[in-house]
Every structure is written in structure tokens, then in C-alpha cells.
Amino acid sequence: MGTRAWALLLVLCGTIFLEGADVAMMAVAIPAIRADLGLATGTAAWVLSAYVLGYAGFTLLGGRAADLLGRRRMFLLWLTVFLAFSGLGGLATDGRMLIVARFATGVAAAFMTPAALSLITTSYEEGPKRNKALLVFAGTGAAGFSLGLVIGGLLTELGWRWVFFAPVLLTAALLVAAVRLVPRQDAPPARGRTFDLPGAITAAGAMLLAAYTVVRLEHGLHDWPLTLVSGLAALLVAGAFVALERRCPDPLVRLGILRQGPVVRADLGALLFLGAFFGFQFVVTLYLQELRGWSSLQTAVALIVMGIDAVLAPTLTPRLVARFGNARVILGGFLLAVAAYALFLPVGMDWSYAMMFPTLLLSGLAFALAAGPLMIAATDGVTESEQGLAGGLLTTATQFGSAIGISAVTAVYGLVSTGSGPEATLSAFRVALTVPVALVVLGALISLVSVREARRAARRASQVSSDSASHTSANPAQRSGGISSWK
């Protein structure tokens with residue numbers, strides 16, 4: 001790739017780095033924010049949940065809006081919104097203002113991230129260049145989260161408001177560069193084409209209700225009727241969305257894309273892999289801080305080895321993909337993750353960092369193998385006009401995956417907790433750690449299907465090539481380029 005292509009990739013990767021770092025810094029800073037603003041426990045939880053609701057609730061709509069309204073336009077607009085509401089969060093004086101700012105920031109990310117992903121898939125030609133760009137993009141997002149833990153700890157020491165103001169500075173720099181570098185590649189909408197407003201409303205409603213239900217899972221059996229009602233409402237609104245899309249002549253989401261096996265398997269794989277990754281990281285963070293008494297900064301430094309994928313994703317993974325194909329590399333990532341999380345199941349009260357290190361390293365290696373190739377598989381073979389939709393589906397899967405993973409381990413931990421002593425807490429942590437293991441085992445089984453399908457496709461291609469060669473050798477007219485057929 002040339003200098004300008006690398007510069008464009010740097011800007012687009014900057015947004016996913018920003019998004020990952022923003023989430024991580026908030027997770028580290030929330031105790032200081034709660035103490036300074038005097039927030040109740042429920043309000044503090046909603047500061048974190050509001051971002052998830054905004055992000056997961058509007059990602060599907062954001063991805064399709066990039067296709068229909070212009071990728072560059074959506075990217076620049078929502079990057080500006082992200083900047084504005086990050087600044088508002090830093091100026092917040094109470095919990096309500098902070099929740100509104102976080103929700104709006106999540107909505108901005110829901111439109112900005114799929115637009116950035118579709119800009120990559122449409123700016124770099126399909127093949128090695130696009131694959132490398134996507135692998136760098138995936139690795140940068142993970143690096144943003146890992147480094148965000150450390151950066152968040154440092155900034156919180158200066159004052160929690162810097163956790164909001166630092167992203168404002170980075171966003172402003174990215175916005176200035178993006179105006180110059182992001183290509184004007186968007187074609188004007190086709191004449192007579194209308195925006196599917198009913199589809200947009202029902203899609204956003206279904207996603208918001210589903211995200212709320214997932215967040216509610218953290219409460220376990222507490223107020224379970226509310227969780228059940230929100231889940232049923234999500235299903236009803238989703239059913240209405242499907243019915244509307246089937247009848248709409250120009251739907252927001254072409255439902256046929258959900259019948260593309262490779263795309264669906266990649267999205268499910270991403271949901272399971274990210275769910276396991278963030279669920280595991282959440283439990284380990286609680287283990288280190290609540291049971292071991294480590295500070296947030298010590299915990300962040302301990303976990304930073306999981307960010308090794310930022311180095312391996314753009315260097316090692318492309319070579320593995322070129323040699324073995326996406327499906328096998330993804331399966332390898334899932335198998336490494338199974339081994340990594342299983343190794344941590346017998347965690348003890350006095351484990352040294354050396355005993356934890358293999359799991360942390362293997363989980364980072366697994367992320368390097370699986371995350372980028374899953375992103376390639378989720379967008380490979382999709383027409384250019386639907387790249388935003390494919391990116392929206394993938395980002396929706398990753399957001400719901402991370403939310404499900406954290407909610408599931410929290411719910412299991414709450415259900416099995418039988419006491420308040422250290423041993424009881426450790427026992428509950430061990431049970432909760434089975435959730436990430438189960439998620440990656442299921443993901444590995446789905447990946448096996450992809451490997452089998454890839455082998456079948458290779459055999460069919462080989463058979464077609466062999467038949468074509470046999471037919472050509474048996475037909476002198478074809479060997480001579482068809483000239484004899486004109487005689």
C-alpha cells in the first residue's frame with residue numbers, strides 16, 4: 001500500500017482505537033466518578049450501561065445508513081457527534097447529565113464504527129490488501145481497549161474528567177485528518193429511492209429492547225419479570241421489523257444477507273468470541289482487585305499482555321490466513337481460547353502472576369488469530385452496496401457479544417454466591433469462569449462447520465478445474481482458442 005493508503009488506514013483505525021480506549025477508560029474511572037459526584041450504585045451502573053444501549057441499539061441502523069446516505073458523510077458527522085458528547089461528559093455535574101452523554105456517545109459510535117469498517121472494505125481491493133487492512137483494524141481495536149485500561153488508570157489519577165477530555169483531543173485530530181484523507185466515493189442515492197423509516201424505527205426499537213434485556217441479565221433473578229417482559233417485547237418488535245422488511249420494496253435490511261452461511265457463521269463466531277473474551281477479562285479484573293487487593297493500575301498493567309494481538313494481527317495473522325485460509329485460522333483462535341480459559345478454572349487464592357501469565361498470553365494470541373479473520377469472513381463476498389450493512393451486522397454481533405459475556409458471568413456469579421468470605425467468593429468466580437469456556441467451545445464447533453464448508457468449496461473448485469481441463473484436452477477446437485468453430 002502507498003503512503004496515502006496507509007494514512008487513510010491510520011485514521012480509520014484511530015476511530016476503533018478511540019472506541020476501545022473509551023470503553024476501557026470508563027471502566028477504570030467509574031469508581032472515582034461515583035465518589036466525586038455522589039452517584040448511587042444504580043446510577044453508576046447506568047453510566048456504563050447507557051453506552052452499551054446506545055451502541056448496540058443503533059449499530060445495525062448505523063451500518064445501513066452508511067450504505068444509503070454515504071459512508072464519508074456518516075463517518076464525519078458521527079465522529080463530530082462523538083467529540084461533542086465526550087466533551088459534555090467531561091463537563092457533567094450530575095449522574096443524569098453523564099448518562100445522557102454516554103448514551104449519545106454510544107449512538108455516535110454505532111454509526112461511526114460501521115462507516116469506518118465499510119470505508120476500509122470499499123477503499124482497499126478485495127484480497128491481500130483488504131485482508132491486511134482489516135487485520136490491522138481489528139488489532140488496533142483490541143490494543144485500544146488494552147492500552148485504555150492503563151491510560152484510564154493514569155488519567156484518573158490526574159482527575160476523572162480527563163478520561164473524557166483526552167478522547168476529545170484525539171477525536172479532533174482524527175476529524176481534521178479524515179476531512180482530507182477519506183475519499184469522496186459515495187454515489188448519490190438512486191432517483192425515487194426512499195429511506196425505510198418504519199424499518200429504521202422498528203430495528204432501533206428491537207435492538208434497544210434486546211440490549212436492555214441483556215443488561216438486565218446481570219441482575220439474575222432480581223426483578224426477573226421485568227427482564228422477561230423486555231425480552232418478549234424485543235422479540236415482538238423484531239418480528240414486526242421482519243414483517244415490514246419483507247413487504248418493503250426498498251428495505252433497510254435485505255433479509256437475504258441473513259441466509260449467507262459464511263456471513264452468519266462469522267457474526268455468530270464474533271459474538272461468542274468477544275463474549276468470552278470480555279466475560280473472562282471482567283472476572284479476572286474482579287479477582288485481582290476484590291480478592292487480591294490489586295490497584296486498578298496494577299490490574300491494567302497485568303492484563304496488558306492480552307494486547308499482544310496488536311503486534312501479531314498485522315504481522316503473523318496475514319501469513320497464516322494466506323497459507324491456511326480464514327476458516328482454519330479462526331478455528332485455531334477458538335481452540336487457543338478454550339485452552340487459555342480452561343487453564344484459569346482452578347485459580348487459587350494465592351496464585352502468582354507467573355501462574356496467570358500463560359492464560360493471559362494465550363488469550364491474546366487467540367484474539368490475534370480469530371478477531372481479524374472473523375472480520376474478513378463477515379464482509380467477504382458481500383456486494384459493495386451492502387458493505388455498511390455487513391459491517392453493521394458484525395459490529396452488532398460484537399457489541400451484543402461483549403454485553404452478553406459480561407452479563408452472563410455476572411448473573412452466574414450472583415446465582416452461585418453462597419457467602420461473603422474469600423473462599424466463597426473465589427468459588428463463585430470459578431463457576432463464573434465456566435461461561436467463557438462454554439462460549440468458545442460453542443464457537444469452535446461453529447468454526448468446524450466453516451472449515452468443512454471451505455474444504456467442500458475447495459474440492460468443488462478443484463473438480464470444476466479438472467473437468468474443464470479434461471474437456472479442453474478432448475476438444476481441439478477449444479485448445480486452438482475456438483478458431484475452428486468459426487470455420
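Modeller: The count comes to 16 aromatic pairs. Rings of Phe, Tyr and Trp (its six-membered ring) pair if their centres lie within 6.5 Å; planes under 30 degrees apart count as stacked, over 60 as edge-to-face and the rest as tilted. One of the pairs joins F58 and F103. Their centres lie 6.4 Å from each other, with 80° between the planes, and the pair is edge-to-face. This pair links distant parts of the chain, 45 residues apart. F58 sits in helix α2 (residues 41-69), and F103 in helix α4 (residues 95-123). Helices here are DSSP runs (H or I, at least four residues), numbered from the N terminus.

F103 has a relative accessible area of 30%, so F103 is partly exposed. Buried means under 20% relative accessible area, exposed over 50%, and partly exposed in between (1.4 Å probe, protein chains only).

W160 and F164 also pair. Their ring centres are 6.0 Å apart and their planes stand at 80°, so this pair is edge-to-face. Both W160 and F164 are buried.

Elsewhere, aromatic residues gather in a group. F273, F277, F278, F334 and F367 form one aromatic cluster.

A word on the basis: the model is predicted, local features need pLDDT of at least 70, side-chain atom pairs count only at pLDDT 80 or more, and totals for chains, interfaces and linings use all residues. Residues are numbered from 1 along each chain as its sequence is written, and side-chain values use heavy atoms, with hydrogens and water left out.

Methods: Helices (H or I, at least four residues) and strands (E, at least two) are DSSP runs, numbered from the N terminus.
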